[in-house]
Structure formats: structure tokens, C-alpha cells
Amino acid sequence: MPLTKIKNVLANEIEVMRSNNTAKGDEMVVEKVVQASGDKGPRFIIRGFEGKEFIRMNSNSYLGLSFRKDLKEVAEEKAEKFGAGPGAVRFISGTYTTHIELEETLARFHGMEAGMLFSSAYMATLGCLSSLISSDSIVISDELNHNCIINAIRMSRPKEKLIYPHLNMDSLRKALEEKVGAGKRVLVITDGIFSMRGDHAPLDVIADMCKEFDSKYEEGVLLVVDDSHGVGAFGENGRGTIEYTNAKGVDVLIGTLGKGFGTNGGYLVTGKSIVEYLHQKAPTYIYSNPISPGEAASAKKAIELIDSPEGKEILKRLRSLTHQFKQGLIDNGFETLPGEHPVVPLMIRDTRKTADTVKFLKENGVLATGLSFPVVPKGDEEIRFQISAEHTPKDIQTVLDVLTECKKTCW
Ligand SMILES: Cc1ncc(COP(=O)(O)O)c(C=O)c1O
């Protein structure tokens, strides 16, 4: 088929996105990673910028685990033993010991009864919500929840959907009060960490509220949390936002293995009865391949590492580097937002200045992500910096110096 007709329609749509500033920019292609040495963290060589080394301040690999030899070695060892890919979905012949061991490890790590792997956190969210949301369910969701939650709710077609203003606990309470009698089951859904600003949901307050209203609904109130940016990297022991807020009563926790844990894949941990049900119902689990046996082994190794004395040191280093960067921004007269998560927003509040600063950073060897309307509301334009334990204090100082120079010359 020559695609003559559709080609023009699609090209026009992209053109509209470009003129609205909603189109994605070109992808950067990493051609080489120069390993960390001395007081320099890893450097990235990008296609089109040959010879230039970049500090990466826009990765979700918060603990820097993806470069670790022990994680790579165990993946290789299991690939040798079981093959590079699973060969089938879990129910056909795609379940390996490494998948089961990882699910058990994740459940133990989070203090839940059972774990369930998916090919990504996005797939975990789609599979979980589309199965647990019935046509008689009320869904209550934070307005800044991740795209995977938004699409999962659309796909699930609940009886009613209520979106509350970001972190507004009065509105959440009001929704829970108002909907008594309107549906059998309520699902309250929130991100743990909100990835654009690094702020977090008060899960302790939300969990208590869900408990308070549980008896008022025939099938209860379920609290589902996607803490993809929290697990592994946040909280004293890397348990994420639940640990940070000391929340009790999260029913389903969704996480990714592709950020703090430095590997790949997604999961949820919850009660045994829910996992049993999702094994029967979740389409993204039943009809889609799992992560490879090697990836599963590597993720298990990452979790064991986080729970070791070395892991505690890595978490401590991440907190210290995050503090250094945040304090450095404040000391140099920049605006940031309160919080201890390694996503550190530099609030610029101007689209052109944001773009100019990202350009200046890139010219000076720093990769960071600028966020402008419509990704963030008008007036909240920012550059999102993501700190990683793979950075060194000198790297952080270098980035602060480049920013200070930029403020002098291009603001
Ligand atoms: C809150 C949140 N949930 C889910 C995801 C998706 O994770 P994964 O890459 O494992 O699908 C992301 C990724 O950016 C995220 O920020």
C-alpha cells in the first residue's frame, strides 16, 4: 500500500503538534558511556556531538545501579542458563525460577503478601486498574497522576471518575463523602512521587481516609499507589513514599524496576487474593511476555544490594548529593521547591528562558530536561534535574557553576 492518503493526514497532525509546541523533540542517541573514574561520574557521548562528554542530569537511574558489574554479571549468567528472552507469556511456558524469586523478594521488600511482575510499570498499571475497576466502581484520582493511570482509567470505564486538585486532601475527602451509595467499590489512585516536581502524596493521610470510609461502601475503598519514582530511591531504606510518610494501609503498590532499581520491568505488590485475581484477569500479564529471566535476576540482585550496608551507603550518598544540589541552587539565588526527592525542579517560570537555559547547559556538557506548557501549567516552566548516586560532588558543583554562568549571561 502506498499510504498516500493516510501519510498526509498523519503529517498534518504532527505539524499541528509542532506548532502547538506539544510535539516531542528529537531523541538523543547515546553512543558510548565513559565509565566513572576519580571525582568524575559517568559521561555520555551523544550522536551528533562526537567528542563531547555530557553529565547526565535527566536519568531515572537514581542509585546508578545500571552500571554495576554484579547486576550485569547475574543477568548474563541467567541468560546463559535460560536464554536471552522468556519465549512465551507466563501461562504458556514463560515462567522461570528467576521470575518467582523476584516476585517473592519484592513482596518481602515491601512487606506485602505477594508480588506480580509485568513487562513495565505502565503495563502493571493498565493490567491492575482495568481488572480492579468494575462498571460499578467510583474512581478518585489526583489531577497530576501519571499518564499510565489516566489511560488505565479510560480503558476501565468506571461508573464515575472524580479528579481532585493536586494533593488537595479536602477535595479527596469531599469526593469520598459525596459518593457514598453511588457505587459499590471505590478506588483511590495516586502517584507516590509526582515525577515532574519530585513532590509526594501524603500517603499516611490518604490511607487513613480510605480506612475511615471503607465500611461505607459495599465493596470497600481500595488505595492504589504508583510509586515508580519512589521505590528503591526514596525513604531511609529505599521503600519509597510509603516509608517516607509512614503510611499504613496501601492496598496495591505499583513500581518500576527501570528507575531506582536500575534494571527493567514493572511490578505490583499486594494481598494474595488480589494477585490470584489479577493472574486470571490482567490482560497485560496474561497476553504479554514478562521481562527476561536475566533481567529478573538482575532486579533481585539490585533489591538485595539496597538492603545491604553498601546499599544504605548508596542511599545516603544520593540524599547528600540531592541536598548539595538543592542548597547550591538556593545559595545561588535560584528558585526550587521544597522536598527531599532526587527530582529537583529549577523553577524558571518562563518558556523562552527555560529553552535558553537547557540549550546553554547542553552547550556546556550538561543534559537536563526543560518542561514548559502544556506539560506543566503556564507560569510553572521549569528544568527538571534528576540527581543520581552515580554523580560525584564535583559533578554537582560543575552543574551549579554552569547554571550560575548561564544566569549571568543568558537570563
Ligand atoms: C509515575 C510513573 N509511573 C509509571 C511509569 C512507567 O514506568 P515504566 O517505564 O516501567 O513503564 C513512569 C515512567 O516515567 C512514571 O513516572
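**Domains.** I started with the domain assignment of this predicted model: domain 1 covers 4-57 + 309-410, and domain 2 covers 69-306. I then took the C-alpha centres of domain 1 and domain 2, which sit 27 Å apart. The contact draws 14 residues from domain 1 and 13 residues from domain 2.

Which elements give two or more residues to the side of domain 1 that touches domain 2? I get helix 13 (309-331) and strand 13 (343-347). Helix 13 has the largest share of that side, with four residues. Sorting the side of domain 1 that touches domain 2 by class, I find nine nonpolar, three polar and two charged residues.

Next I looked up an open sheet of seven strands, mixed in pairing, with the order 4-12-11-10-7-5-6. Strand 4 (114-118) and strand 6 (160-164) are its edges, each pairing on one side only. On average, neighbouring strands here are turned by 20° against each other, direction ignored.

I checked the pairing of strand 5 (residues 137-142) with strand 6: parallel, over five bridges. V139 has K161 in strand 6 as its bridge partner.

**Helices on the sheet.** Helix 4 (residues 97-110) packs on the sheet and touches strand 4, strand 11 (252-256) and strand 12 (266-270). Its direction makes about 125° with that of strand 4. Helix 10 (residues 272-281) lies across strand 4, strand 11 and strand 12 too, but runs at about 30° to strand 4.

**Ligand.** Last, which residues come nearest to the ligand? Of the 13 residues around it, I get S120, A121, Y122, H146 and T256. By class, I list the shell around the ligand as three nonpolar, eight polar and two charged residues.

Key
Residues numbered from 1 in each chain as written. Predicted model: local features only at pLDDT ≥ 70, side-chain atom pairs only at ≥ 80, totals over all residues. Near = placed C-beta within 6 Å. Nonpolar A, V, L, I, M, F, W, Y, C, P; charged D, E, K, R; others polar. Pairing = 2+ DSSP bridges. Axes fitted to C-alpha atoms, helices over the stretch in contact; angles between N-to-C directions. Contact = placed C-beta atoms within 7 Å. Domains from an automatic or database assignment.
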